[in-house]
Structures are given as structure tokens and as C-alpha cells.
2 protein chains.
Amino acid sequence: MSSPNPDTRKRILQATADLLTEGGGTGVRMSDIAKRAGISRQAVYLHFANRADLLIATTFYVDELKDSDARLAPSRAAKTGSERLDAFIEAWAGYLPEIYPIGRALIDMSPTDEEARSAWAQRMQDMREGCEAAINALKRDGDLAPGMTAPQATDLLWTLLLLPNWEHLTQVCGWSQKQYLKHITATARRLFVMGA
Amino acid sequence: MSSPNPDTRKRILQATADLLTEGGGTGVRMSDIAKRAGISRQAVYLHFANRADLLIATTFYVDELKDSDARLAPSRAAKTGSERLDAFIEAWAGYLPEIYPIGRALIDMSPTDEEARSAWAQRMQDMREGCEAAINALKRDGDLAPGMTAPQATDLLWTLLLLPNWEHLTQVCGWSQKQYLKHITATARRLFVMGA
DNA sequence: GTGTCAATTGACATCGTGTCAAGCAAAAGG
DNA sequence: CCTTTTGCTTGACACGATGTCAATTGACAC
């Protein structure tokens, strides 16, 4: 539970993030993680209570590494509403491939693990609030497309960005990350930005 | 692999579908299925080679039970384009809660199981083609919103309907099935139907 | 040197999947 | 009526993954 060697702990977290990203969130064993981190399987349990605990810690680790400004506070990014929206979408589109496999593995765990589920739900909530801020900024600048309320637009943008969306378009349907970004950006512009 | 008693086979399939629906697609063991079907755990393997085989068969079983006309051939349903679109969305929204948990369990299996993955991808493809047919019918009737091409609209509708979308909105975010249907229907109408 | 800390090793319990051999009850066939 | 076949049961087992535990090593500090 506690952290004997902070450096080893970081190596475990990095190994976990790497392996999950490579494997799409499935089929990663504790022994794989230990091997990649250069330690024994049992030593992982000196740093993390169990698999769920490790995965949750990994989400925070990945968060730390990422510039989260454009993602969480889109109202401060760029100038025009359209640019802000683009920056917001791009920030999430770059974050998704790193965070989603971890969330995927987290949800794959026992469905009764409330801690694991809510840790993931928190990130969904973050995204929801980011969407809200981005749309509100658009509206404040008078750039929101007519005939659409802010709550409607927020829900819709959120649905478009939804992380499992990304997984299925890329993993199951074979879309590239670029295709996904282009699709979402173009759709959002057309839907939400006045006169686009 | 072969089918000793067709009736027992059906009971297994029904039990699998029921349990997966109840559990959201996770945490369902072979022994649970056998118990629900009223047979021994080992007897399941007299009818299905393994877990993946059973799950794939269950998707076909669920398909058989469902009226698939509105879902797969939306161009024949209802009169006006808007009504057709509504019927199409409602058909999928009713199918999702039954089919998705099975697909979820399927994808949760070994990621190397190509057969399992492609069985699921097929259903994604079905949905994609259904979207295409629905949008094309809308365009043929001159009801497609101006400034939007049919391929764009198809992609967008597909993204909105995407099955994992449904799972996350309902399971993780706590939306009711009704909320989901309402959200998607309203969004699609506003986006695709001329003058809505 | 004596602790102490971090990680190692080997062993083990538990649980789920999948396999196998032996047995059993009922229906079908002569 | 007896035999065979069918469909399932029971009990046992191998395997792989998670998680736990006790004993041990190696390094660094006091």
C-alpha cells in the first residue's frame, strides 16, 4: 500500500500505461507489468494493494504527464470560439489513446468494484464539464450556432467525444487516430459554430 | 460442438442472454449459465466448444428473436423521412440493451480471438449499413437537411448510435434507456431532418 | 557489526476455464 | 424383454491468473 521506492513505483506506473496502450486495454497481466518494470511479480504488491489500485493510480499518473489546460479549461485557450473548440477537441483526442485503455481495463474488472467504476466515472464527468465550458465560451462570444441551446450542444459534443466511441471507431472499425480527430472536429464545427 | 438436444441448447442460449443483460455483460461465469439453464457446467461444452463460441451463438439467437426489419431495412419502414428515421433509431435503441452486453463479453475475451472480434465487428457493420439506408431514404425524399451530404450524415448518425456510447451513457453515467432514446432521437431529428 | 529497507524467491490458496473418463436414466430398436 | 444409444451427471484434474506469505539476500546507514 505505502511506497517503498518512489522510483520503482514510477517504473511500474509507466510500464502499466505503456502495456495497456500497446494492448488496447486488454490482456495485460500483473506479471507482464512486473517484467516490463524490471521487478518481480510479487514486488508490485509492495506498491499497490491489487490490480484495481494499480490501474486507478495509473490514471492519475497519466494525468500528471499531460498538459490538461486545453482539455479541462477550454475557455482559456486560443482566441475565437472556433479555435477554442478545435483546441479542446484536439486535446481530448490526444488524451484518449492514453487514458482509455486504462479505463477499459478498469471497467473490465469486477463490476462490483465501486471504487474502480467511480474512478472512471470521474473522468467522464471531467469531460462533460470540459464540454460545458467549451460550449459556454462559444455562446458567450456569440459564436454558437442558432437554434441550439447550450445544454443541448454540451450533451451532443460530449456524446461525440465519448471515450468508447473512440475505442470502437479505432479498434473495431479500424479508423486511424487522424481519421477520428478529423471526423469529430469537422462534425463539431459544422454543428456548433455559427455560420460554418 | 454438435447439438445433442436442441431444446437444451436453446435454454443455454436464453440463460446466457438473460444473465448478460442482467449483469451488463461482465461477471457471468459458465457455471452461472449452466445453473440458470438447469444443467451441469460441463454439459454446456456438449453444445458449445467454448465461451467465445457460446457468446457468438447467443448473438445470433438474440437476432432471431428480434424483429429486424426496421433496424436493417429502414427505407421500407413508415411514410415520411422523419418517421422512418425515428423508427430506425427506436429499433436500434431497443436492440442495444439486449445485444450489447453480449458483444461486451465477447470483446472482453482474449483480444487475440479473431473470430470473436469479427463476429462483433459484423454487427457494427450492420448498423453502419442501416444508417446509410436510413439517410439515403431521407435524401431520396428530399428531407435531408441542407448543407449536409449523405456520407457525412451517415457517419454522424452511426457515431451517435454507436453501441459503446449506449453502454457508457447508461452504465457509467446513469442515463435511463428512455433518456438515451430521447437524446438520440431529438439530436438526429435536429441534425438530419430538413426544417426541424 | 547491526539494523533496516527494498526487493527476491519459492510455495501456496483460490477461482475460472476447459478436458476427460466413468456412470446413469430414459427412450428407441430389435 | 433385453440391448443399445442418447443426453446428461459426477468427480477429478490441468492450467493460468490473482493475491498472500515466510524466508532470504544485498545494500546502505548508523
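1. A polar contact is a pair of N or O atoms within 3.5 Å; within protein, one of the two must be able to donate a hydrogen and the other to accept it, and residues adjacent in sequence count only if both atoms are side-chain atoms. With that in mind, the side chain of B:H47 has an N or O atom 3.1 Å from a phosphate oxygen of DNA strand D.

2. Some reading notes come next. This is a predicted model, in which local features need pLDDT of at least 70 and side-chain atom pairs count only at pLDDT 80 or more, while totals for chains, interfaces and linings use all residues. Residues are numbered from 1 along each chain as its sequence is written, chains are lettered from A and ligands numbered from 1 in the order in which they are written, and side-chain values use heavy atoms, with hydrogens and water left out.

3. On confidence, chain A has a mean pLDDT (the predictor's confidence in each residue, from 0 to 100) of 87, and 95% of its residues reach 70 or more. Among the elements of chain A, helix α2 (residues 30-37) has the highest mean pLDDT, 98, whereas helix α9 (residues 163-172) has the lowest, 74.

4. The secondary structure of chain A comes to 10 helices and 0 strands, where helices (H or I, at least four residues) and strands (E, at least two) are DSSP runs, numbered from the N terminus. The C-alpha trace of chain A spans about 60 × 35 × 30 Å along its principal axes.

5. Chain A is divided into domain 1 (6-63) and domain 2 (68-192), with bounds that come from an automatic or database domain assignment. The C-alpha centres of these two domains of chain A lie 26 Å apart, and their contact (heavy atoms within 4.5 Å) takes 14 residues from domain 1 of chain A and 18 residues from domain 2 of chain A.

6. How are the two protein chains related? A rotation of 180° with 0.0 Å of shift along its axis superposes chain A on chain B, with an RMSD of 0.0 Å, and that is the relation of a two-fold axis. The same surface serves both copies, since 97% of the contact residues of chain A recur in chain B. The superposition is by least squares on the C-alpha atoms of residues with pLDDT of at least 70 in both copies.

7. Around DNA strand D there are 19 residues, of which the closest are A:R29, B:P4, B:T8, B:S40 and B:Q42; a residue is near a strand if one of its heavy atoms lies within 4 Å of it. Of the atoms of DNA strand D within 4 Å of the protein, 65% belong to sugar or phosphate and the rest to bases.

8. DNA strand C is surrounded by 18 residues, the closest being A:P4, A:T8, A:S40, B:R29 and B:R41. A polar side-chain atom of B:R29 lies 2.6 Å from a phosphate oxygen of DNA strand C. The bases are also reached, as a base oxygen of DNA strand C is 2.9 Å from a side-chain N or O atom of A:Q42, and one is 2.8 Å from such an atom of B:R41.
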